[in-house]
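Let's take a walk through this model together, beginning with a single residue and widening the view from there. Have the coordinates open beside the text as you read.

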Amino acid sequence: MLEEKYEIVMATEADREELLSLYRVQHGRKFCPWEDDYPSNETIDFDLSRDALFVMKVSGRIVAAISLDEDEAVNALSCWDESLSPEGELSRIAVLPEEQSKGIGRIMMQYGMDELRRRGFRGIHILVNKKNIKALKCYATLDFNPVGECHLFNQDFYCYERKL
């Protein structure tokens, strides 16, 4: 767990460069499927426009980020449990490499789920790249249920969901 005090806040335009840096440092890391053009400035614009991007800061420095996502292709998958509707989605979870394996991803996921609950969602679904071992381990500890598989965005994913 974190040894220093942290805060999780909604990202602002002033966080853009630090967010881009956080996203870029993930590229090429083992298990990370992100490419050079994702996430991008446009992705940040989309998230900021919906008040859907949150960052964890330690001593004013961004160490992690998470987005409440909206993606029609993901929402249209047939594997989701209709009884959990409306469902939200979390994505673009990123933790600075030197801060990984300290429970930060789990804290950010819990924060995201709490935020979705505050916004009136009853369930949550996520896609996890089949090769992202770290993410798969994290989500297993948060009681997500595997409900299917899909191929989107030129990647193979496991589909997970749970009640909020």
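Start with Arg 118, which counts as exposed at 53% relative accessibility; here exposed means over 50% relative accessible area, buried under 20%, and partly exposed in between, with a 1.4 Å probe and protein chains only. Arg 118 sits in helix α4. Helices (H or I, at least four residues) and strands (E, at least two) are DSSP runs, numbered from the N terminus. The side chain of Arg 118 makes a polar contact of 2.8 Å with that of Glu 115. A polar contact is a pair of N or O atoms within 3.5 Å; within protein, one must be able to donate a hydrogen and the other to accept it, and residues adjacent in sequence count only if both atoms are side-chain atoms.

Before going further, a word on the source: this is a predicted model, in which local features need pLDDT of at least 70 and side-chain atom pairs count only at pLDDT 80 or more, while totals for chains, interfaces and linings use all residues. Residues are numbered from 1 along each chain as its sequence is written, and side-chain values use heavy atoms, with hydrogens and water left out.

Now look at Ile 104, also in helix α4, which spans residues 104–118. Is Ile 104 buried or exposed? With a relative accessible area of 1%, Ile 104 is buried. Its C-alpha atom is separated by 22 Å from that of Thr 43, 61 residues apart along the chain.

Next comes Ile 66, which lies in strand β3 (residues 61–69). From Arg 118, Ile 66 is 52 residues apart along the chain, with 16 Å between the C-alpha atoms. Ile 66 and Asp 114 are 48 residues apart in sequence, and their C-alpha atoms are 12 Å apart in space. Ile 66 counts as buried because its relative accessibility is 0%. Which residues does Ile 66 touch, not counting those up to four places away in sequence? They are Ala 52, Leu 53, Phe 54, Leu 90, Ser 91, Arg 92, Ile 93, Met 108 and Met 109, where contact means heavy atoms within 4.5 Å.

Asp 15 is placed in the loop between β1 (6–10) and α1 (16–26). Asp 15 has a relative accessible area of 6%, so it is buried. Leaving aside neighbours within four places in sequence, Asp 15 is in contact with Met 10, Val 55, Lys 57 and Ile 62. Gln 100, for its part, lies in the loop between β4 (87–95) and α4. A polar atom of the Gln 100 side chain lies 2.9 Å from the backbone oxygen of Val 95.

Most residues other than glycine have a negative phi, and most peptide bonds are trans. Tyr 38 and Pro 39 are joined by a cis peptide bond, with omega about -15°; Pro 39 is found in the loop between α1 and α2 (41–49). Another cis peptide bond joins Ser 85 and Pro 86, with omega about 0°, and Pro 86 is in the loop between α3 (72–75) and β4. As for positive phi values, Asp 51 has phi near 50° and is found in the loop between α2 and β2 (53–58). Asp 51 is partly exposed, with a relative accessible area of 41%. Phe 153 has phi near 55°, and lies in the loop between β6 (145–152) and β7 (155–163). At 44% relative accessibility, Phe 153 counts as partly exposed.

Finally, step back to the whole chain. Its secondary structure comes to five helices and seven strands, running β-α-α-β-β-α-β-α-β-α-β-β from the N terminus on. The radius of gyration is 15 Å, close to the 15 Å that the globule rule gives for 164 residues, so the chain is as compact as a globular protein of that length. This radius is taken over C-alpha atoms, and the globule rule is 2.2 Å times the number of residues to the power 0.38. Buried residues make up 51% of the 164. Among contacts between residues at least 6 apart in sequence, 71% join residues at least 24 apart.
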